Amino acid sequence: MADKDCIFCKIANGEMPSATIYENSDFRVILDVSPASRGHALIIPKEHFKDIFDIDAMTAGKMFSLATEVARAMKSVLKCDGLNIVQNNGIIAGQTVFHLHLHLIPRYEGDGVKLGWEQKESVPTELQELAKQIRKKI
C-alpha cells in the first residue's frame with residue numbers, strides 16, 4: 001500500500017515525473033536527480049516499505065533480481081568500469097528517504113565517488129559466537 005505523504009510512493013506510482021528506465025507492476029526504476037555518478041539509478045518498490053526490516057523476502061528477491069538486469073543494461077549503455085549497489089537502513093546508516101530503495105551507482109575510473117569503511121580487527125571465537133546467535137534467528 002502506498003503512503004500518501006511519501007515522495008517515493010508518488011514517484012513509484014507515476015504521480016510525480018521521473019526519468020524512468022523501467023517499470024513493472026512491483027517497481028519503478030528511475031535515474032537519480034542528485035546522482036553520485038553518471039547513470040546513478042534507483043529501484044523503488046511501488047508498495048511502501050520503510051526499510052529492509054519492513055520488506056517481505058519475496059519482494060526483496062524480485063528487487064535484487066531486477067537489479068541484476070538493470071545493472072547489465074547500464075554496463076552495456078554507460079560503459080562503466082564497475083557498479084556499486086547500495087541500500088541504506090536507518091538514519092545512522094545514511095537513509096534519508098524512508099521508503100526502501102536500492103541505489104545502482106555506476107563507477108568510472110577517477111570518478112571521485114567514495115564508499116567504504118575502515119576495516120577493523122576481529123576475534124575468531126567472537127565471530128563464531130555471533131554467527132551462532134544470528135543463525136538461531138534465521
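The side chains of K62 and D26 form a salt bridge, with N and O 3.4 Å apart. K62 belongs to helix α2 and D26 to the loop between β1 and β2, so the pair ties together parts that are 36 residues apart in sequence. The model is predicted. K62 is partly exposed, at 39% relative accessibility. D26 is also partly exposed, at 29%.

In total, five salt bridges are counted. One of them joins R28 to E23, at 3.0 Å from N to O. R28 is buried, with a relative accessible area of 9%. E23 is partly exposed, at 39%. D111 is partly exposed, with a relative accessible area of 24%.

Helix α2 covers residues 57-78. At 1.5 Å a residue, its 22 residues should span 32 Å, and the end C-alpha atoms are 31 Å apart, which agrees. The buried residues of α2 are T59, M63, L66, A67, V70, A71, M74 and L78. They cover an arc of only 155 degrees around the axis and therefore lie on the same side of α2. This buried set packs against β1 (20-23), β2 (27-31), β3 (41-45), β4 (82-86) and β5 (102-107). On the other side of α2, A57, M58 and R72 are exposed.

Both ends of the helix have local features. D56 caps the N-terminal end of α2, with a side-chain oxygen 3.3 Å from the backbone nitrogen of M58. Just after α2, K79 adopts a positive phi of about 55 degrees.

Notes:
Residues are numbered from 1 along each chain as its sequence is written. This is a predicted model: local features need pLDDT of at least 70, side-chain atom pairs count only at pLDDT 80 or more; totals for chains, interfaces and linings use all residues. Side-chain values use heavy atoms; hydrogens and water are left out. Helices (H or I, at least four residues) and strands (E, at least two) are DSSP runs, numbered from the N terminus. The expected span of a helix is 1.5 Å times one less than its number of residues. Buried means under 20% relative accessible area, exposed over 50%, partly exposed in between (1.4 Å probe, protein chains only). The arc is that of the directions from the helix axis to the C-beta atoms. Contact means heavy atoms within 4.5 Å. A polar contact is a pair of N or O atoms within 3.5 Å; within protein, one must be able to donate a hydrogen and the other to accept it, and residues adjacent in sequence count only if both atoms are side-chain atoms. A salt bridge is a side-chain nitrogen of Lys or Arg within 4 Å of a carboxyl oxygen of Asp or Glu.
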